[in-house]
Amino acid sequence: MGLGRPLLEINALHTAFRMQDRYFDAVDDVSFSLEKNEILAIVGESGCGKSTLATTIVGLHNKANTRISGEIIYQNLNLIDLNETLYNRIRGNDIGMIFQDPFSALNPLMTVGDQIEEVLLYHSKMTKEERGLRVRELLLQVKVEDPEGTATRYPHELTREVLQRVGIAVAIACDPPIIIADEPTTSLDATVQAQILDLLSELREATGAGIILITHDLGVVAEVADRVAVMYAGQIVETAGVVDLFTDPKHPYTRSLLRSMPQANGPFESASRELYVIQGDVPSLQQLPKQGCRFAGRIPWIPFSAHEESPKMHEISKGHFVRCTCHESFRFEGESE
Ligand SMILES: Nc1ncnc2c1ncn2[C@@H]1O[C@H](COP(=O)(O)OP(=O)(O)OP(=O)(O)O)[C@@H](O)[C@H]1O
């Protein structure tokens, strides 16, 4: 890595899916960087492009029907230029991915111990004995009870909680400097959610990895993130440090998401009030407006003149960026100026 360069740098990334011979951008001009030892949360409603962004970074798209452009710079390489063989070396070794549904991410026909060992077999020169020891060490690290017994089990014999811990062990087997966790706690109950988030924080402490945490849940963000990128309709609309984002949110979308948070008195808010409902839906890829602020249709009481024609990211304070100028005059319906 070049001196002073972030761990991962994403510049003007576009991921477009082909539908009936036309390409539609699910990730549209996304730029951000990830530093060592930080947890960057990417937050947004379902359909905003978060998973597409994650799977683009780990190179999981089929080039036959997906068009990717821009830069994903890791160790002076643009990952989007890599062929499958080279990407396979990076995936698992340099970038570990934790999926939302551990059951479908694991092979039902292999014991979980063998699945963790498979990653080591592919990426390391460890002997069989060393791999066995490492599997045990990893299962201990992710706090699975009875690591030896668990290693011999098949996925269907384990609970979701244990499976997600195994999924994390697979992702961190080779000590990757980058971990991408896509909704890692969504399918788990609240107590386990908190434990898995603690585990991610501990991993970051122990390894100094940079973690991209994808979630629709601002409670999760408040719990563990250092920095946040808010994504809407394929674009990042606001990035800020976590305290800044919760105490001084700017973009109307961020403010609306915060207002619709189930527990309004989370760590950064004191007053509770009625939950807010954001009008309408995230537009489908075919319905994305070609020009103007993509959130305009969901805040129709704000005049079009308040939006930029081609919204750009503006740095409004150090490290706090907002897309479009509409935040300057935005207020909720019925809210006094
Ligand atoms: N393979 C695909 N082909 C066509 N469109 C797709 C494909 N995958 C995703 N999309 C579309 O891309 C947009 C972004 O989807 P994506 O799954 O990345 O969003 P998300 O924010 O991760 O939502 P969720 O949390 O529901 O997964 C959506 O409009 C979705 O319908």
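Me: Which element supplies the largest share of the shell around the ligand?

Reply: In this predicted model, the largest share comes from helix H1, with three residues. Helix H1 (50-57) and strand S1 (8-19) each supply at least two residues of that shell.

Me: How many residues surround the ligand, and which are the closest?

Reply: The ligand is surrounded by 14 residues, and the closest are Phe17, Ala26, Ser46, Ser51 and Thr52. Sorted by class, the shell has eight polar, five nonpolar and one charged residues.

Me: How should I read the open sheet, and what is the order of its strands?

Reply: Strands of a sheet pair through backbone hydrogen bonds, and the pairing is either parallel or antiparallel. Here the open sheet has eight strands in the order S6-S7-S8-S3-S9-S10-S12-S11, and the pairing is mixed. Its edge strands, each of which pairs on one side only, are S6 (95-98) and S11 (313-317), while the twist from one strand to the next averages 20 degrees.

Me: What joins S6 to strand S7, and which helix packs on the sheet there?

Reply: S6 and S7 (residues 178-182) run parallel and are joined by four bridges, with Ile95 standing opposite Ile178 in S7. The helix that packs on the sheet is H7 (residues 160-172), which touches both S6 and S7 and whose direction makes about 170 degrees with that of S6.

Me: Which residues does the UniProt domain annotation cover?

Reply: The unreviewed UniProt entry carries the annotation "domain: ABC transporter" for residues 8-258. Over that stretch the chain is 40% helix and 27% strand, and its end C-alpha atoms are 28 Å apart.

Terms used. Residues numbered from 1 in each chain as written. Predicted model: local features only at pLDDT ≥ 70, side-chain atom pairs only at ≥ 80, totals over all residues. Pairing = 2+ DSSP bridges. Axes fitted to C-alpha atoms, helices over the stretch in contact; angles between N-to-C directions. Contact = placed C-beta atoms within 7 Å. UniProt positions renumbered as here; feature names shortened; annotations may be inferred. Near = placed C-beta within 6 Å. Nonpolar A, V, L, I, M, F, W, Y, C, P; charged D, E, K, R; others polar.
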